[in-house]
Each structure stands twice: as C-alpha cells, then as structure tokens.
Amino acid sequence: MSRYRPPTPKSSPYITAEGAAKMRAEIQQLWKVERPEVTRVVHEAAKNGDRSENGDYIYGKRRLREIDSRVRYLTKRIEDAQIIEDKPRDTSRVFFSAWVTVEDQDTESIDTYRLVGSDEIDPAKNWTSIDSPMARALLGKAVGEEVTVATPSGDRHLLISKIQY
C-alpha cells in the first residue's frame with residue numbers, strides 16, 4: 001500500500017485588488033521590518049561563540065528561513081495572480097468579488113458571503129473561495145434564483161436575495 005496522494009487541484013488565480021494590496025503589504029513588512037531585525041539578532045548571537053547551544057542564533061536562523069520562504073511564496077502568488085479590479089458588466093448576476101446575501105430555506109437564516117480568491121479566505125468575515133462548492137453553486141445566478149449546495153451535513157437550499165459589488 002503506497003502513501004501516494006494525488007496533487008491538489010490548482011486554485012483559481014483570481015484575487016481582489018484589496019487582497020493583492022494586503023499581500024504586498026505583508027511582503028513589505030516581512031522584508032523591510034522583520035527580516036532586518038531578525039538578521040540583527042542572529043548577527044549579535046553569532047558573536048557570542050558556540051552556536052550549537054545558542055538559542056537566539058538557532059531560532060533566529062529558523063525564523064529567517066520562514067520569512068524567506070513566505071516572501072518567495074507571496075511573490076510567486078502575486079506574479080501568477082490575475083487581479084480583478086473592475087465590476088463585471090452584468091452586476092445583476094453573481095461573479096468574482098460579489099457580496100451575495102442568501103436565505104437558507106430550511107433554517108430561515110440570512111447570511112452574506114463574499115466570493116474571493118483562495119489567498120483571501122476569511123471564515124470570520126464569511127469570505128469564501130471562488131473554488132468552494134458554495135461559490136460554484138452561486139456563480140452566474142441572479143436575485144430570486146434558488147441554488148442547492150451539497151455540504152457534509154446535507155444539502156442546503158438557498159435563495160439569493162441580494163447581490164452587491
């Protein structure tokens with residue numbers, strides 16, 4: 001029996017202008033603020049002699065690797081991303097970066113979701129990935145249409161009540 005797992009499918013390359021700005025700000029913070037500070041700490045720790053037992057040196061080097069890795073990842077994501085800044089021509093339908101208010105037919109609850117790129121997901125704000133089953137069910141639909149979303153706890157029947165961009 002092998003431990004092979006097929007690679008995860010690539011996520012959509014879309015990102016909102018706000019998401020791209022946040023990613024650039026994170027790169028700036030890591031590269032211009034955090035990295036020089038950690039480099040200074042590692043430099044000072046290296047002066048103290050035995051590096052094999054020097055916690056500041058060991059953890060500083062580890063943090064530098066983490067920072068460099070994150071900066072490489074963010075830079076690649078921004079290069080590959082397709083930044084969506086404009087509203088779609090047809091704002092009466094659900095597309096990327098839309099705020100969609102839905103009414104759950106079963107529980108009679110009302111929720112608002114925003115369809116964003118995979119790097120911008122935030123469950124606390126109800127920002128869901130454009131690749132999620134919920135978003136796929138909502139894409140292209142208009143106000144008043146019903147959609148069925150398959151969830152682990154069963155199918156949800158939703159009615160689209162509002163779309164904003």
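Q: How many salt bridges does the structure hold?
A: Side chains of opposite charge can pair when their charged atoms come close. This is a predicted model, and the structure holds 14 salt bridges.

Q: Which parts does the pair of E34 and R63 tie together?
A: The side chains of these two residues, E34 and R63, meet in a salt bridge with 2.5 Å from N to O. Because E34 lies in helix α1 (residues 17-46) and R63 in helix α2, the pair ties together parts that are 29 residues apart in sequence. E34 is partly exposed at a relative accessible area of 26%, and R63 is likewise partly exposed, at 29%.

Q: Which residues are linked with E34 in a network of salt bridges?
A: The network links E34 with R63 and E66. R63 forms a salt bridge with E66, where the closest N and O atoms are 3.2 Å apart; both residues lie in helix α2, three residues apart, which is about one turn of the helix. E66 is partly exposed, with a relative accessible area of 40%.

Q: Which residues gather in a patch of positive charge on the surface?
A: The patch brings together R51, K61, R62 and R65. One of them, R65, lies in helix α2 (residues 55-80) and is exposed, with a relative accessible area of 52%.

Key
Residues numbered from 1 in each chain as written. Predicted model: local features only at pLDDT ≥ 70, side-chain atom pairs only at ≥ 80, totals over all residues. Heavy atoms only, no water. Patch = residues over 30% accessible without salt bridge, like charges linked within 9 Å, V, L, I, M, F, W, Y side chains within 5 Å. Areas by Shrake-Rupley, 256 points an atom, 1.4 Å probe, with all protein chains shown as cover. Salt bridge = Lys/Arg side-chain N within 4 Å of Asp/Glu carboxyl O. Lys, Arg positive; Asp, Glu negative; His and termini not counted. Charge placed at Lys NZ, Arg CZ, Asp CG, Glu CD. Helix = DSSP H or I, 4+ residues; strand = E, 2+ residues; numbered from the N terminus. Buried < 20%, exposed > 50% of the residue type's maximum accessible area, 1.4 Å probe, protein only.
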